[in-house]
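Please look over the sequence and the model below. The report that follows takes up selected residues, then the pocket and the cores.

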Amino acid sequence: MSILSTKRLRLVPMNDSHFDGLFAMNSDPAVMRYITGKPDTRADTQAMIERVKARWLDCGYSWWSFFELDSEQIIGAGCIQHLGRDSANPLEIGWRLRQDKWGQGYASEAAECMASFAFDTLKTDLLCAVCHPENTGSAHVMKKLGMHYKDLERWYEMEVAVYQMTGNDWANRA
């Protein structure tokens with residue numbers, strides 16, 4: 001399991017010891033507004049951690065918890081997983097942050113690191129991301145990463161904006 005680092009973050013594969021920090025973030029209705037539309041219960045967060053641990057074992061990638069280096073606190077989470085959680089689909093990148101960390105560049109910093117892992121380590125040819133059409137913050141991070149808008153599609157039981165980039169896009173980004 002890969003631990004990744006950025007200037008301000010350490011991305012650690014999710015595990016049981018992350019429960020309190022993840023639950024604090026996932027139980028915030030604002031954080032979950034565009035993800036599930038409702039705050040997580042303790043059982044929801046525990047079930048997520050169990051799914052993620054299994055995917056790390058099966059795939060060698062899944063969700064990381066984002067630890068802020070200065071505080072050593074969990075401030076977010078992000079993933080490389082298959083779109084729709086189906087290995088027949090391309091890889092997807094995703095993230096969420098604690099509300100008090102929005103607008104500080106952490107999502108872009110983590111996304112850059114995870115995209116590098118997808119393209120440089122996993123050697124994927126295509127990386128996708130999805131967001132609720134009203135989630136302009138995530139769409140901004142996708143565009144900043146170099147992703148291009150594809151279309152509106154139905155994923156995760158909702159209509160979402162799909163963004164993508166190829167390995168060539170990644171290699172040729174300015």
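## Two positive phi angles

K123 sits in the loop that joins helix 4 to strand 6. This is a predicted model. The phi angle of K123 is near 60°, a positive value, and K123 is not a glycine. Most residues other than glycine have a negative phi. K123 counts as exposed because its relative accessibility is 59%, and exposed means over 50%.

R85 is another case. Its phi is positive, about 55°, although R85 is not a glycine. R85 is found in the loop between strand 4 and strand 5. The relative accessible area of R85 is 52%, so R85 is exposed.

## The start of the chain

S2 belongs to the segment before strand 1, which spans 4-5. Is S2 buried, partly exposed or exposed? It is partly exposed, because its relative accessible area is 25%. That value falls between the cut-offs of 20% and 50%. Leaving aside residues up to four places away in sequence, S2 touches L11, P13, W56, W64 and F117. S2 and V12 are 10 residues apart along the chain, and their C-alpha atoms are separated by 7.3 Å.

I3 also has its place in the segment before strand 1. Its relative accessibility is 52%, so I3 counts as exposed. Which residues does I3 touch, not counting those up to four places away in sequence? They are R10, L11, V12 and P13. I3 and I49 are 46 residues apart in sequence. From C-alpha to C-alpha, they are 16 Å apart in space.

## A buried serine

S62 lies in the loop between helix 3 and strand 3, and strand 3 spans 63-68. Why does S62 count as buried? The reason is its relative accessibility of 0%, because buried means under 20%. Beyond residues up to four places away in sequence, S62 touches V52, R55, W56, G78, C79 and I80.

## An aspartate between two helices

D28 lies in the loop between helix 1 (19-26) and helix 2. Where does its side chain meet a backbone atom? A polar atom of the D28 side chain lies 2.8 Å from the backbone nitrogen of A30. D28 also touches P39 and Q99, when residues up to four places away in sequence are not counted.

Now compare sequence and space. D28 and S17 are 11 residues apart in sequence. Their C-alpha atoms are 19 Å apart in space.

## The largest pocket

How much space lies in the largest pocket? The figure is about 1200 Å³. The pocket is lined by 46 residues. Closest to its centre are V31, Y34, I35, W95 and R96.

The helices that give two or more residues are helix 2 (29-32), helix 3 (42-59), helix 4 (106-121) and helix 5 (136-145). The strands that do so are strand 4 (74-82), strand 5 (91-97), strand 6 (126-131) and strand 8 (158-166). By class, the lining has 22 nonpolar residues, 12 polar residues and 12 charged residues.

## The nonpolar cores

How many residues make up the largest nonpolar core? It has 51. Those with the most contacts inside this core are F66, I80, I93 and L127. Helix 4 supplies the largest share of the core, with 10 residues.

Take I93 as an example. Its contacts, not counting residues up to four places away in sequence, include C79, I80, A111, M114 and A115. I93 also touches L127, C128, A129, L145 and M147. Another core lies apart from the largest one. This other core has 6 residues, among them L83, V130, W155 and V160.

Notes: Residues are numbered from 1 along each chain as its sequence is written. This is a predicted model: local features need pLDDT of at least 70, side-chain atom pairs count only at pLDDT 80 or more; totals for chains, interfaces and linings use all residues. Side-chain values use heavy atoms; hydrogens and water are left out. On a 1 Å grid over the protein atoms alone, a cavity is a set of points where a 1.4 Å probe fits but cannot get out, and a pocket is an open set with protein on both sides within 12 Å along at least five of seven lines; lining residues have an atom within 4 Å of a point. Grid points are joined across faces, edges and corners, and a volume is the space filled by probe spheres set on the points. Helices (H or I, at least four residues) and strands (E, at least two) are DSSP runs, numbered from the N terminus. Ala, Val, Leu, Ile, Met, Phe, Trp, Tyr, Cys and Pro count as nonpolar, Asp, Glu, Lys and Arg as charged, and the others, Gly among them, as polar. Contact means heavy atoms within 4.5 Å. A polar contact is a pair of N or O atoms within 3.5 Å; within protein, one must be able to donate a hydrogen and the other to accept it, and residues adjacent in sequence count only if both atoms are side-chain atoms. A nonpolar core is a set of buried Ala, Val, Leu, Ile, Met, Phe, Trp, Tyr and Cys residues joined through side-chain atoms within 4.5 Å. Buried means under 20% relative accessible area, exposed over 50%, partly exposed in between (1.4 Å probe, protein chains only).
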